[in-house]
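Here is a structure to walk through step by step. Keep the sequence and the 3D view side by side as you read.

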Protein chains: 4
Amino acid sequence: MAGSKIAPGPIVTKNELGPRARRKVQRPQAILQAAFEEFVERGYTATRIEDVAARASVTKGTVYLYFQNKEELFQHVVGKLSQPIFDEKQFLEQHQYRSCDELVRLFLDTLYDHMTVNQHSREILRFLIADGRRFPTLGSTHFDQFVQPLMTMFDRILQKGVREGVFEIWTNDHISQILISPALTYAIEMFLSADNTKLPELKIYINTHYEMVMRTIRKARLDMSDTTRLRGYSEALYC
Amino acid sequence: MAGSKIAPGPIVTKNELGPRARRKVQRPQAILQAAFEEFVERGYTATRIEDVAARASVTKGTVYLYFQNKEELFQHVVGKLSQPIFDEKQFLEQHQYRSCDELVRLFLDTLYDHMTVNQHSREILRFLIADGRRFPTLGSTHFDQFVQPLMTMFDRILQKGVREGVFEIWTNDHISQILISPALTYAIEMFLSADNTKLPELKIYINTHYEMVMRTIRKARLDMSDTTRLRGYSEALYC
Amino acid sequence: MAGSKIAPGPIVTKNELGPRARRKVQRPQAILQAAFEEFVERGYTATRIEDVAARASVTKGTVYLYFQNKEELFQHVVGKLSQPIFDEKQFLEQHQYRSCDELVRLFLDTLYDHMTVNQHSREILRFLIADGRRFPTLGSTHFDQFVQPLMTMFDRILQKGVREGVFEIWTNDHISQILISPALTYAIEMFLSADNTKLPELKIYINTHYEMVMRTIRKARLDMSDTTRLRGYSEALYC
Amino acid sequence: MAGSKIAPGPIVTKNELGPRARRKVQRPQAILQAAFEEFVERGYTATRIEDVAARASVTKGTVYLYFQNKEELFQHVVGKLSQPIFDEKQFLEQHQYRSCDELVRLFLDTLYDHMTVNQHSREILRFLIADGRRFPTLGSTHFDQFVQPLMTMFDRILQKGVREGVFEIWTNDHISQILISPALTYAIEMFLSADNTKLPELKIYINTHYEMVMRTIRKARLDMSDTTRLRGYSEALYC
DNA sequence: GATGAATGAGGATTCATTCAT
DNA sequence: AATGAATGAATCCTCATTCAT
């Protein structure tokens with residue numbers, strides 16, 4: 001920009017930024033974070049730009065310095081959240097020597113962990129549902145960017161299991177979606193219960209979910225005689 | 001509930017109501033219906049009382065004749081929706097001679113049918129999620145009135161199956177909730193996909209869901225040599 | 001509207017309006033008048049709806065009850081002003097026995113009268129000039145509705161004079177426009193001089209204007225010895 | 001005037017200015033020019049300092065370095081424009097041997113030329129009319145600096161004609177103003193017609209204007225018998 | 001009971017102006 | 001001298017709510 005010609009302030013030889021420049025980089029981040037929190041707390045319509053600004057410790061005007069308007073701000077917030085929560089390749093490589101059963105368990109653990117720990121991954125759902133009508137693109141965008149990758153990865157694990165003869169999938173119709181569903185239910189319960197009093201204890205919930213998955217897809221081995229088998233590896237992974 | 005004020009006093013066996021009285025009874029119903037539709041379409045904040053009024057073919061003032069304010073109107077709308085979608089006793093009596101497998105299937109069919117056909121049953125979810133923060137009571141109210149009964153009924157079916165020796169349930173922790181989850185996922189997908197292009201075909205989806213449930217809970221499949229393999233432990237857990 | 005069904009208030013048999021209805025008719029007029037005055041005083045951009053409202057003794061909201069937004073209000077104001085200031089047929093019939101000289105004088109008198117007495121007829125010019133860029137349609141609309149009729153009428157008078165042999169017009173090019181110009185100059189001076197101190201005295205100004213017109217178009221003056229001096233050439237040009 | 005601060009200190013006979021000093025001189029000029037163009041395009045209120053700055057290739061801050069605030073900037077712009085468009089003495093000396101008829105024609109040609117070619121001379125009018133109320137001094141200032149000199153010069157030509165016995169002025173009341181009026185009308189039409197489609201062809205318009213003037217003021221000579229006299233000199237001057 | 005005109009608090013957005021760099 | 005990030009007053013417009021008819 002024009003600034004480069006004039007080189008305002010010290011000619012920075014090192015890679016340090018002046019306080020102005022540093023702030024200019026941080027501001028939009030701070031605003032996005034503040035906006036996220038406000039949107040989460042109140043929803044799109046009820047969120048006031050002024051509150052976003054206050055939370056980011058700036059004033060109204062500053063928000064408009066970085067974002068055209070409220071809608072654009074919202075889109076940016078959601079866009080940032082829609083990023084895939086974990087990298088497929090990395091996941092598979094990292095755990096390439098695990099059994100398929102263990103992969104399923106790891107997948108679930110990672111998924112619930114994200115949902116629980118990472119507020120972002122969870123609250124985006126609320127946006128999509130609450131303001132989906134107002135921003136029709138959001139839904140499909142998020143689906144492509146966030147949900148689809150999850151599904152695909154789970155599918156890969158299933159297929160791996162099938163190839164290795166440990167899983168048996170009787171249909172390809174929506175099977176991943178159905179098997180993952182309890183995680184969604186849990187997420188939704190999380191924001192339905194204002195106080196988390198009635199919320200299921202996560203550990204136990206995952207156990208049951210995992211068991212459901214395994215019972216659904218594990219190949220029935222004729223020579224099974226160890227009734228405690230299910231317990232074993234589950235406990236090995238999850239303590 | 002609040003509905004009692006408004007509820008048309010169902011059983012008017014004798015003399016019909018005069019036109020005045022009839023209107024007095026119908027007006028609030030019409031307004032509630034209109035409000036429901038508007039709230040569904042736009043969410044709480046974005047819904048304007050005037051639009052509700054117009055949709056109900058009355059004027060703003062009239063709305064305030066029957067409801068204190070916008071918030072009360074909303075509460076009434078949600079309250080009305082939260083009523084259980086199907087009656088447990090009736091369901092069980094009606095199908096008392098069915099096998100447990102069939103009961104599960106019937107339960108699922110009924111559930112999906114309600115969600116698909118009955119906009120109310122589906123959209124209430126959106127309310128809860130979208131405006132849950134604004135109305136903290138909603139979540140738990142709805143849970144008690146709407147979700148819990150569903151859960152309980154499914155539980156009864158499971159228990160019946162266990163008693164009859166066809167189902168085997170290894171845990172009591174959230175099992176109903178987890179087994180029903182795919183229905184919730186479907187509902188959410190319904191309002192996330194603006195156009196219903198990508199929506200799974202319902203029949204197939206239910207089939208997979210049903211299969212998942214049965215594989216999870218059905219006692220040792222016939223083609224397995226050891227049909228009793230899991231019994232002991234399941235009974236130990238489930239009392 | 002809905003009101004008719006219910007007939008609010010007394011069933012008015014005579015042609016009296018209730019206080020509400022009466023106000024409803026008067027309000028838009030009052031708002032338009034107030035808007036006109038504010039726009040005149042400050043121009044489009046600097047005029048605040050709230051001030052318009054205050055001047056009309058209502059509140060902001062009421063203005064928006066009758067006009068979509070500021071721009072529409074402005075358009076209405078201008079539209080109302082653009083109406084022709086006097087009726088051509090009526091003017092000609094009313095004065096059919098006057099001499100052409102008298103008609104010219106009457107035309108000028110009427111024109112200046114409107115400009116002087118009727119603030120509207122004068123101030124519209126300011127709008128067109130000041131905010132013409134913002135509302136491109138205004139200019140041509142006003143020209144068609146307001147200026148063109150004036151011009152046409154003046155033309156008719158000239159032609160009448162030519163037919164009767166008292167006027168002689170050597171060209172058709174913009175002659176009306178040029179002969180009327182001093183009125184425009186006067187109008188503009190009127191709003192350029194904040195205090196009307198330096199303003200020409202109207203009567204004298206019109207006299208000079210009239211004389212200018214007559215000297216330009218009157219056929220050979222009587223005190224000239226050669227009354228036919230210009231005839232040939234004028235007829236050649238004007239057909 | 002205010003211009004003195006900014007005016008480049010006209011007579012720099014000796015040593016050239018260094019780049020710094022040169023910029024110090026050029027900046028305000030560039031800003032004034034940019035401001036002029038923006039004010040012309042949008043009017044006072046709708047013009048944003050930032051746009052002025054951008055057009056002058058500087059930043060907002062720089063504008064405030066040279067001008068206290070928006071209003072002062074505007075005053076400077078108008079002040080600069082109000083300078084007389086042509087020098088009376090120069091004009092008269094330059095054309096001292098022309099006939100009075102020719103002087104009138106020359107005067108008109110110069111006037112229209114300025115209005116047409118020189119955007120400044122024309123647009124100042126728009127300022128005065130559009131924002132006259134906001135800046136009451138503007139009107140009279142401009143009148144004194146711009147209009148009055150024009151009028152006076154035209155008066156001088158008339159008086160010269162009278163002295164030489166070719167013009168006959170029957171009154172002193174506003175005669176110059178009235179005779180010059182068509183030029184104003186033309187100017188106004190220029191900015192009323194967004195596209196210059198309907199605009200009169202300038203050459204022809206001036207011809208008619210000139211003819212009007214001459215018919216109004218030329219002394220009726222008894223011995224006139226040459227009906228083509230008017231054509232002659234008009235064509236001589238204007239081809 | 002019903003109406004709908006009127007209200008005015010509230011929120012999005014703009015932009016002149018300041019000032020640290 | 002120049003920059004441009006930050007400010008916040010100002011203004012348009014909306015809409016829940018009231019109340020005279």
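A salt bridge is a side-chain nitrogen of Lys or Arg within 4 Å of a carboxyl oxygen of Asp or Glu. Keep that rule in mind while looking at this predicted model. Across the interface of chain C and chain D, the rule finds 2 salt bridges. One of them joins the side chains of Glu168(C) and Arg215(D), at 3.4 Å from N to O. Polar contacts come next. Between chain C and chain D there are 11 residue pairs in polar contact, with both residues at pLDDT 80 or more.

Which parts of chain C touch chain D? Helix 2 (19–42), helix 8 (119–131), helix 9 (136–163), helix 10 (175–192) and helix 11 (202–217) of chain C each supply at least two residues. Helix 10 of chain C gives the most, with 12 residues. By class, this side of chain C has 22 nonpolar, 11 polar and 18 charged residues.

Now take the area of this interface. The size of an interface is often given as the accessible area lost when the parts come together. Chain C and chain D bury about 4900 Å² between them. Carbon and sulfur atoms carry 61% of that. Three residues stand out on the chain C side. Ile129(C), Arg133(C) and Arg215(C) supply 14% of the area that chain C buries against chain D, more than any other three residues. In terms of contacts, 51 residues of chain C meet 51 residues of chain D.

Turn to chain B and chain A. Here the contact takes 52 residues from chain B and 49 residues from chain A. The two chains bury about 4900 Å² between them, with 61% of it on carbon and sulfur atoms. Ile129(B), Arg133(B) and Arg215(B) supply 15% of the area that chain B buries against chain A, more than any other three residues.

Across this interface the rule finds 11 residue pairs in polar contact, both residues at pLDDT 80 or more. Helix 2 (19–46), helix 8 (119–131), helix 9 (136–163), helix 10 (175–192) and helix 11 (202–217) of chain B each supply at least two residues of the side that touches chain A. Helix 10 of chain B gives the most, with 12 residues. The residues on this side of chain B divide into 21 nonpolar, 13 polar and 18 charged.

How many salt bridges are there between chain B and chain A? The count is 2. Look at one of them. Arg215(B) forms a salt bridge with Glu168(A), and the closest N and O atoms are 3.4 Å apart. Arg215(B) lies in helix 11 of chain B and Glu168(A) in the loop between helix 9 and helix 10 of chain A, so the pair joins two chains. Is Arg215(B) buried or exposed? Arg215(B) counts as buried because its relative accessibility is 11%, and the cut-off for buried is under 20%. Glu168(A) has 30% relative accessibility, so Glu168(A) counts as partly exposed.

Over all chains, the count comes to 46 salt bridges. Some lie within one chain. Arg218(C) forms a salt bridge with Asp101(C), with the closest N and O atoms 3.2 Å apart. This pair links distant parts of the chain. Arg218(C) is in the loop between helix 11 and helix 12 (231–237) of chain C, and Asp101(C) is in helix 7 (residues 100–117) of chain C, 117 residues apart. Arg218(C) is partly exposed, with a relative accessible area of 28%. In chain A, salt bridges that share partners join Glu37(A), Glu38(A), Glu41(A), Arg42(A) and Arg55(A) into one network.

Back in chain C, Arg42(C) forms a salt bridge with Glu41(C), the closest N and O atoms being 3.8 Å apart. Arg42(C) is partly exposed at 31%, and Glu41(C) is partly exposed at 35%.

Next, look inside chain B. Lys160(B) sits in helix 9 of chain B. Lys160(B) counts as buried because its relative accessibility is 17%. Leaving aside neighbours within four places in sequence, Lys160(B) is in contact with Gln96(B), Arg98(B), Cys100(B) and Leu103(B). Cys100(B) is buried too, with a relative accessible area of 2%. The count of disulfides over all chains is 0.

Finish with the backbone. Most residues other than glycine have a negative phi. His174(A) has a positive phi of about 60 degrees, although it is not a glycine. His174(A) is found in the loop between helix 9 (136–163) and helix 10 (175–192) of chain A.

Key
Residues are numbered from 1 along each chain as its sequence is written. Chains are lettered from A and ligands numbered from 1 in the order in which they are written. This is a predicted model: local features need pLDDT of at least 70, side-chain atom pairs count only at pLDDT 80 or more; totals for chains, interfaces and linings use all residues. Side-chain values use heavy atoms; hydrogens and water are left out. Contact means heavy atoms within 4.5 Å. Buried area is the accessible area (1.4 Å probe) that two parts lose on being put together, summed over both. A polar contact is a pair of N or O atoms within 3.5 Å; within protein, one must be able to donate a hydrogen and the other to accept it, and residues adjacent in sequence count only if both atoms are side-chain atoms. Helices (H or I, at least four residues) and strands (E, at least two) are DSSP runs, numbered from the N terminus. Ala, Val, Leu, Ile, Met, Phe, Trp, Tyr, Cys and Pro count as nonpolar, Asp, Glu, Lys and Arg as charged, and the others, Gly among them, as polar. Buried means under 20% relative accessible area, exposed over 50%, partly exposed in between (1.4 Å probe, protein chains only). A disulfide is a pair of cysteine sulfur atoms within 2.5 Å.
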